[in-house]
Amino acid sequence: MAANKKKKEQLCTFGETTAENFRKTTMHHIMSFQGRDPQRAGDRDIYKAMGYALRDILVEKWIKTQKSFYTKKQKRVYYLSLEFLVGRSLGNTLINLGLFDEAALALKQMGYDMENIREAEEDAALGNGGLGRLAACFMDSIATLKIPAYGYGIRYEYGLFYQKLIDGYQTETPDNWLRYGTPWEYERTRSVFPVHFYGRVNSYIDDKGCYRTEWIDTEDVMAMACDMLVPGYKNDHVINMRLWTAKASRELDLSYFNVGDYIGAVQSKVQSETISKVLYPADVVTKGKELRLKQQYFFVAATFQDIFRRFKKKNDTFDNFSDEVAVQLNDTHPAIAIPELMRLLLDEEGLGWEKAWHICVNTFAYTNHTLMPEALETWSVDLLGRVLPRHLEIIYEINQRFLDQLQTSYPGDQNRLRYMSIIGEGAVKTVRMAHLAIVGSHSVNGVAELHTHLLKTRIFKDFHEFYPGKFNCKTNGITQRRWLLKANPDLAALINNTIGEEWIVDLDQLRKLETKSEDKQFQKQWRQAKRANKVELAKTIQETCQVTVDPDSMFDVQVKRIHEYKRQLLNALHAIALYQHIISSPEENITPRTIIFAGKAAPSYWKAKLIIKLITAIGDVVNNDPRVNGKLNVIFLPNYNVSLAEIIMPAADLSEQISTAGTEASGTGNMKFSLNGALTIGTLDGANVEILEEVGEENIFIFGLTAEQAEYEKMHCSHTPYDIYEGNPVIRQVIDSIRAGSFSNGDTELFKPIVDGLLDKYDPYLLMLDFEDYLRCQDEVGRAYQDQQTWTKKAILNVARMGKFSSDRTIKEYAREIWGVDVD
């Protein structure tokens, strides 16, 4: 009773019932913030009004949270990420504040439906995929664990592009997520900082006889803070993501007006504000690369001015800086922060090199997110030196001192020095940002056990030998509050009614479900929850793709960024093989399947876009062939985003995690699917290895080469794709049908690049080498699904054993082992 009374006091700011309070405050915001007649308000008006009402509650809690940081003199953590794939905020905020039911009741009393109101919100697609979604999950866990932390990034005006399929081809249109405004942010017009670009470096001797350097004649852009508030789960703790937006240093250059050049007067303003316009400009051209570099430095420079502002409130020197400040670099995108902190300490604060470098290394920690050598970020020396001339000087100095250390440890080993150097001495000199991040940080972590092992033994082997103890593992996680409690309310309710609600903040509590895995009544309820989710997804497919699918078929799902190493093509090949088998053996008892794809290809990645075209072409043939007789559908859902993922993942029966072993750093989609009761078919790659260890080999379907075997095959080609093609008639029929134009209206040229790539002896993604075992494993899956009782048991055990994969666990490990922050 006392707890309920406290909750009501917290939520009923103006007295009366919470639902009545919501109704009144929503009506108030419709009129005062939007200037609308409540009787004429539509769903979007109601959504925004609710957002403003919730923001009122959030900001009050945020102010108290910030004051507690100062009172307790806590060390602050700054999480720097170029991406935060937030998705929608309304439902998540209501759940974390404990207000969902009250808000739904208030809407019902007003004549509105909660789901329709939630649909009115635009996805904040400020990220490209797993990297940005991980950052968003981390913010939720940081708030729930009451860690004194901030997220820093960019407030992109246009998020990841909106994907349309036109004649099966991906086309990109702008994603203007802010076109109707957003109620979730505060523009901090007092938190505006100058950011410098270009210019030149001037060296001089100061009045104390010390050598000093200054960066002058720069072009300046202003960075203005926009705060998005993130509540912890029912704990009154609210943190903020501070996202920077670019503003011109002056609204207009009046000197242009004096000579009648009105176009010139606004040109500088437009160019300045381009920096925060769009997520990931195309970097296949020089201007795109330059804008990408400017974005990275823009948000880093503004962030460190903000960090210094906060630090200097209580400190006159920098002696305790790394004791009070921890900075986590989410991949190499923010790695330019290392020379920026050095520049500030050396040039602005007057510290000596050794002291500044000690502070720098003890402040930064770096998370690596890739095993693909070509994905390790580099910048040409010419570009970086032109845009950030002082930073290039500092990088060269860091590198020289690092090489001197290497020379002492490995005298005469020039190959090692050349490999480990921060400066790449190729035809075009480059700055290797991963090397800079390793040298300039006290911790380097991988995001899964296998990933970390491969970093130590393959990608950064020499660095691991030189810096023993610096490399460590922090396996990724997901927030169960969004990916189960919010996304799958039917299953969450069943779990709550069975084991209570403690799992919402302690995912290990799901282990209590193990005793229910063979309970027939519980299994029945479990299947009912799953089928309800499948009906909902089938409805979305019908509305989006105009294809009717059977919710009683197996929903076989692969949703993620389209990339050759993620091997959506392998899944597509299996779809063809299954289609051909159904046609050739119409009387066989084949498990009906709906194979579902979704994901976006980078606009300049032509091969990935051709794979999308092949998948849609397969769907066009399969879905319109009456001989299939309901046994197979192939679907590609366009414009994959967080909100669509929240519909797809609870409905999945089978989760496709089939990347080439040794290429995926971790993956988090695999965790989200398993948490929602899908079984995994996958390779021993990324976090799949740890999922196998947790759920047990009898509750997962594993196929294909291991990372070691894959590496061996790439080097030695013990058997070629053509050998497999010749030796396996099923595979040969699949390849020949693509080559003959069976999925391209007889056009034998359209998919020729795909066929040629599959049969190429040097295919780096080893599709053909894994195809035979994948077909075997898929046959096993099909048979297993027919035994629904055993399948359901496996699904329950998957959910019950997902405790390790909560982002709460991940953040606790970062806090204790990297940041040096206490966690309750």
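Let me begin in helix α13, which spans residues 353-363 and where W353 and W357, being four residues apart, are separated by about one helical turn; helices here are DSSP runs of H or I with at least four residues, strands are runs of E with at least two, and both are numbered from the N terminus. The model is a predicted one, in which local features need pLDDT of at least 70 and side-chain atom pairs count only at pLDDT 80 or more, while totals for chains, interfaces and linings use all residues. Residues are numbered from 1 along each chain as its sequence is written, and side-chain values use heavy atoms, with hydrogens and water left out.

Now to the aromatic pairs, of which a search of the whole structure finds 31; rings of Phe, Tyr and Trp (its six-membered ring) pair if their centres lie within 6.5 Å, and planes under 30 degrees apart count as stacked, over 60 as edge-to-face and the rest as tilted. One of them joins Y78 and Y150, whose ring centres are 5.3 Å apart with planes at 10°, so this pair is stacked. Because Y78 lies in strand β1 (residues 76-80) and Y150 in strand β4 (residues 149-154), the pair ties together parts that are 72 residues apart in sequence. Both Y78 and Y150 are buried, meaning under 20% relative accessible area with a 1.4 Å probe and protein chains only, where over 50% would be exposed and anything in between partly exposed.

Returning to W353 and W357, their pair is also stacked, at 6.5 Å centre to centre and 15° between the planes, and both residues are buried.

Finally, the charged end of R310 sits over the ring of Y150, 4.2 Å from its centre, the criterion being NZ of Lys or CZ of Arg within 6 Å of the ring centre and within 35 degrees of the ring normal.
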